[in-house]
Amino acid sequence: MARSIEELISSVKSYRTPLGKFVDREHEVAKILGEIGFGLSIVVGPLGCGKTTLADAITRALAEDDERTAIYVAHREEAGTAKSIVMAPRFSSKELKDIFAELVDVVSGYVAELRGIVTLIDVLLRICRRVGTSVGEILVFVDEFRSRAEEARQGLEIDANYVARMLVEGMRIKVLYLTSDATATKLQLEMGSKARWYIVWNLPREAFEELYNVVRPRIDFEIVWRLVGGNPRELKALVEDHGHDVESYVGEKIAMVRNVIEEFVREEKVSLREAMDEIKILVEDIDVAGYHRIWSYVLEKNIVIDIDERFRKLSSIPREPWIGKENAFQIPIYYWIFKTIARYGEATPKRILEEIGKA
Ligand SMILES: Nc1ncnc2c1ncn2[C@@H]1O[C@H](COP(=O)(O)OP(=O)(O)O)[C@@H](O)[C@H]1O
Ligand SMILES: [Mg+2]
């Protein structure tokens, strides 16, 4: 049966997540199924904001839709072994199941991870082309895309050209590469008009509060919001990895920030004083910080992300002190840590919590 976007949205909303409830994302689903054009798109967003969950939920929801077919593909390293995942619930015929099973076998055989994913998508696109227009719209999610390796870049360009050819042949296909790798935005220049760029953001406050009420952390909501700003993965980490212990959570983040600063000082051979100047810019005007040397270090570690006009917004991005017009921190805790370091020269969990309490 053909499903309306409204029906598909309510199907997505029934998706089960480890946190017990799937919240929000109506706009994102409507845009992905509706206004995102055919062709290749790259969707970036903060680590843990919910990209994989969204793609998975949409893929499953589309199993019921006769006019759209979703395929989800990812290549992950788990416990030291690389694993390819292909999911296409709509293709329930034995023949297609066999094709996919074979595909996964072939691809999992590759030792090098990136060769694996590049080949996987290539084969997948060929299958889509073979089934042609008879299946209606095809939505392919390519998750865990990593932009750093040269091979991945080349693969992306080849895919973009291939998808463009499929469009010329009359196919209706949307290929969405998903990535948390903030450095992916550097590819924007090279790719030019071959891909469209989108941003999906952390959950809005209300939806996040809904999730908070399901998870019930033993921490005041306002504090949680100021720490993780709507990022569900960080909420999970706070509760599960740190046992509701805010100081432990903040301590871990401080250690990470310290590492990045040390790396910056070491690699750029700057004095601590110069580093402090850059840190100040980062908290005072994150848009200006984009022109400074520290930027690529914090980008590389997924502390910040580009959100400027080049990226169309799938989610609305709230106005917060840690979000600029062109650049943003991925989660607010990093802002607080840099701010505390800029002010006191160092950061301890206690100081940061004081700082947050004052805000
Ligand atoms: N809309 C949502 N509602 C509830 N939980 C969510 C939602 N989106 C993501 N999560 C939870 O947040 C965590 C991180 O999500 P994930 O999709 O892996 O993020 P990303 O792929 O962007 O890094 C997961 O545990 C997931 O269950
Ligand atoms: Mg993911």
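This is a predicted model: local features need pLDDT of at least 70, side-chain atom pairs count only at pLDDT 80 or more; totals for chains, interfaces and linings use all residues.
Residues are numbered from 1 along each chain as its sequence is written, while chains are lettered from A and ligands numbered from 1 in the order in which they are written.

**View 1. The protein chain as a whole.**
The protein chain holds 16 helices and nine strands. Helices (H or I, at least four residues) and strands (E, at least two) are DSSP runs, numbered from the N terminus. Of its 359 residues, 41% count as buried. A residue is buried if 20 or more other C-beta atoms lie within 10 Å of its own, exposed if 12 or fewer, and partly exposed in between, with C-beta atoms placed from the backbone. Among contacts between residues at least 6 apart in sequence, 72% join residues at least 24 apart. Two residues are in contact if their C-beta atoms, placed from the backbone, lie within 7 Å.

The domain bounds come from an automatic or database domain assignment.

**View 2. The largest nonpolar core.**
This core has 101 residues, and those with the most contacts inside it are Ile 58, Val 140, Val 142 and Ile 337. Domain 1 and domain 2 each contribute at least three residues to this core. A nonpolar core is a set of buried Ala, Val, Leu, Ile, Met, Phe, Trp, Tyr and Cys residues joined through C-beta atoms within 7 Å. In soluble globular proteins, nonpolar side chains tend to be buried together. Leaving out residues up to four places away in sequence, Val 140 touches Ile 71, Val 73, Leu 124, Ile 173, Val 175 and Leu 176.

**View 3. Strand β1 and its partners.**
Five of the six residues of β1 (residues 39-44) are buried, so the strand is mostly covered. β1 runs parallel to β5 (residues 173-179), with six bridges joining the two, and Ile 42 stands opposite Tyr 177 in β5. β1 also pairs in the parallel sense with β6 (residues 196-199), over four bridges. In that pairing, Val 44 stands opposite Ile 199. Two strands pair if DSSP finds at least two bridges between them.

Asp 143 counts as buried because 21 other C-beta atoms lie within 10 Å. Asp 143 and Lys 51 are 92 residues apart in sequence, yet 8.5 Å apart in space, C-alpha to C-alpha. Not counting residues up to four places away in sequence, Asp 143 touches Thr 52, Ala 55, Tyr 72, Val 73, Ala 74 and Leu 178.

**View 4. Arg 68 in strand β2.**
Look for Arg 68 in β2 (residues 68-78). With 22 other C-beta atoms within 10 Å, Arg 68 is buried. Its contacts, not counting residues up to four places away in sequence, are Leu 62, Gly 136, Glu 137 and Leu 139. From Arg 68 to Ile 173 is 105 residues in sequence and 9.6 Å in space, C-alpha to C-alpha.

**View 5. Helix α9 and what covers it.**
In α9 (residues 221-228), Val 224, Arg 226, Leu 227 and Val 228 are buried. Their cover includes α8 (205-215), α10, α15 (332-344) and α16 (349-358). After α9 comes Gly 229, with a positive phi near 45 degrees.

**View 6. His 244 in a loop.**
His 244 lies in the loop between α10 and α11 (246-268). Although not a glycine, His 244 has a positive phi of about 65 degrees. His 244 is partly exposed, because 15 other C-beta atoms lie within 10 Å.
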